[in-house]
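Student: I would like to learn how to read a sheet and a ligand site in a model.
Tutor: Take the sheet, then the ligand.

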Amino acid sequence: MAKVVLKQVTKEFNGQQVVKGLDLVIPDGSFTVLVGPSGCGKSTTLRMIAGLEQATGGEILIGEQPVNDLPPGKRDVAMVFQNYALYPTMSVYDNISYGLRNRGYSKKECQVLVEEIAEVVGLAPYLKRKPSQLSGGQRQRVALARAMVKKPQVFLMDEPLSNLDAKLRNQMRVELTSLHKQLGSTFIYVTHDQVEAMTMGDQIVVMNEGQIMQVAAPMDLYQEPDNLFVAQFIGSPAMNIVPAAEREDQVWGFRPEKALLRHAGVSSVGHADAMDMHGHIVSREILGSDTLYHVETDKGRVVVKTDTESLLDAGSAVHVTVPLSSIYVFDRATGKRIARAENGVRQQILAGGVV
Amino acid sequence: MRQAGLTAWKTVEWLLLAAVGLIFVFPFLWMFLTAFKTMPEVYQFPPTWWPESWQFQNFEIAWSSGPFLTYVWNSFLVAAGILVLQLLTGVPAAYAFARYRFRGREALFGLTLIALMIPAQVIFLPVYVEMSHWGLVNTLWALILPYGASAFGIFLLRQSFMQVPDEVIEAARLDNASEWKIMWTIMVPMAKPVLVTFGLFSFIYHWNDYFWPLIMTNSNEVRTLPIGISMLKAAEGGKLWNVIMAGNMILVLPILAIFFFAQRHIISAFVYQSK
Ligand SMILES: Nc1ncnc2c1ncn2[C@@H]1O[C@H](COP(=O)(O)OP(=O)(O)OP(=O)(O)O)[C@@H](O)[C@H]1O
Ligand SMILES: [Mg+2]
């Protein structure tokens, strides 16, 4: 068990900086998820922690020890790859024991440890098989067992579930989370799937273009995004962004489920505690218990999520009302969030910004 | 209609294969049959197919006309020694060419490919001079050392090492395996089909090689089987074809045996490769 610290870590490929000065503390025993769009440098960051890529600049510490110059095998980390990366010519048993043998464990010790792990991940009947004779889910378990058997301080996982079908993926998510609780080691998990990030992580690191956008617990990330990027990246469907009522230098955002939708016929009185827009429904998606409405308003296209109880038809004229407390204010130029106390939403609406 | 066309095509295919097969098998068959004939029968015209009586003593005559056991042993030492050396040099070279980025890599690999195109006959003179400088002429070393690195082997192995996914090697590095260990426990087993192919090719080539031992050896203690057999011809004035063919049978028998026993492995090696 150990915490992992990145200090001003950068990585260049062919003179192009793909990781731009990361400062990050990954607490001991945390389940930290790196999430962000494709190409933002998640895998590169993880691989630098593993030692598979040399950092161009900065310092990486694992449990207080600087590891920049340590080879991967000496960092006391284990990694699970997206495509499993099992040794195809070795049996499941040899796949799991390979790392132990290379660390000088005797045959007897290996056998005890491998059999113990095989029991935990449910591979006991398959130890003699070759990876090619296993299903995708079983291969994933071998990869996990291979990492677990070394009892590393840090587990690194790069999209380990993305090759599994939806059902198995859900099941493995639950298993990984409980595994993390059981082992108590530090997990660093890379994914581009925000649902995976939100359900598994206790600390989420949102990255974009080689930089950290925000580090927070899942619910904080959702409720208090630091900037436009995080606001729009986390949450599905994404946060609606509309121009601010008065000020040119701001934009406002609100979550689709925080808006109320009413028939235009119902009288609407603007008041200081809500933003009101009107428009008409362009399309409707029924998702089961929820319904999504795409509404063309005078402030642009927005999405509203409601429960399915009373359906409105496409084409209907509607009011969209958003309580003031649900409005997020961002600086238009920098994308930075402006804190509630000083964002002036109420003043702007009172000043006649009600539409 | 389509069925009939397909059957016709299959028949043509089989006939072609049979014809090609016959062309390859006929010399072996003729060698085999001649090895059991009497001298007069060998020269008989029109020739007989089947020996009138099976002359097993031809083999005895061939075997006892020289130190054949020594020849066989030498041939084996040379062919096996070359193969071992070629793997010891070729596996690391191929691994480096396939997996490392270093200055001059392309140029060095280009040189290796050029070596592939130079036949032994072109360079035997300087190599001979070198060997004689080292006092190795007329020893088995002169037969083994010049072939200790195979450009062909390096080329084949490099191709197959390049197919190994990066992640597998990275996983091994995380498992604390040294480069040496990765090479022999990860890369080599994954390249097994290519290794089997190359091993057979190299072993057979050097087992059969006539030119190089002819130049480098001049005493029975270090001669190899092909030279021993050619000396049957010299000793008997080139007339005893039945004895020579018996000698040739002794030459090819071990190779046929290897094929016979390794067949399953060879086929599975190729099946694995094409998967
Ligand atoms: N070996 C390399 N050589 C050159 N450029 C590279 C190399 N590896 C990664 N990159 C570049 O670095 C950037 C970040 O790549 P990285 O693999 O870290 O992205 P990622 O966040 O993991 O994306 P994804 O979700 O698609 O896996 C990309 O623009 C990629 O093209
Ligand atoms: Mg990636």
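Student: In what order do the six strands of the open sheet in chain A lie?
Tutor: Strands are DSSP runs (E, at least two residues), helices likewise (H or I, at least four), numbered from the N terminus; two strands pair if DSSP finds at least two bridges between them. Here the order is β6-β7-β8-β3-β9-β10 in chain A, with mixed pairing. β6 (77-80) and β10 (211-216) of chain A are the edge strands, each pairing on one side only. This is a predicted model, in which local features need pLDDT of at least 70 and side-chain atom pairs 80 or more, while totals for chains, interfaces and linings use all residues. Residues are numbered from 1 along each chain as written, chains are lettered from A and ligands numbered from 1 in written order, and side-chain values use heavy atoms, without hydrogens and water.

Student: In which sense do β7 and β8 of chain A pair?
Tutor: Strands β7 (154-158) and β8 (186-191) of chain A pair in the parallel sense, over five bridges. Within this pairing, L156(A) stands opposite I188(A).

Student: Which residues are around ligand 1?
Tutor: A residue counts as near if one of its heavy atoms lies within 4 Å. Those around ligand 1 include F13(A), V18(A), T44(A) and E159(A). Helix α1 (42-50) of chain A gives the most to this shell, with three residues.

Student: Which polar side-chain atom lies 2.5 Å from an oxygen atom of ligand 1?
Tutor: A polar contact with the ligand is a pair of N or O atoms within 3.5 Å. The atom in question belongs to S38(A). The side chain of K42(A) has an N or O atom 2.8 Å from a ligand 1 oxygen.

Conventions. Polar contact = N/O pair within 3.5 Å; in protein donor to acceptor, adjacent residues only side chain to side chain.
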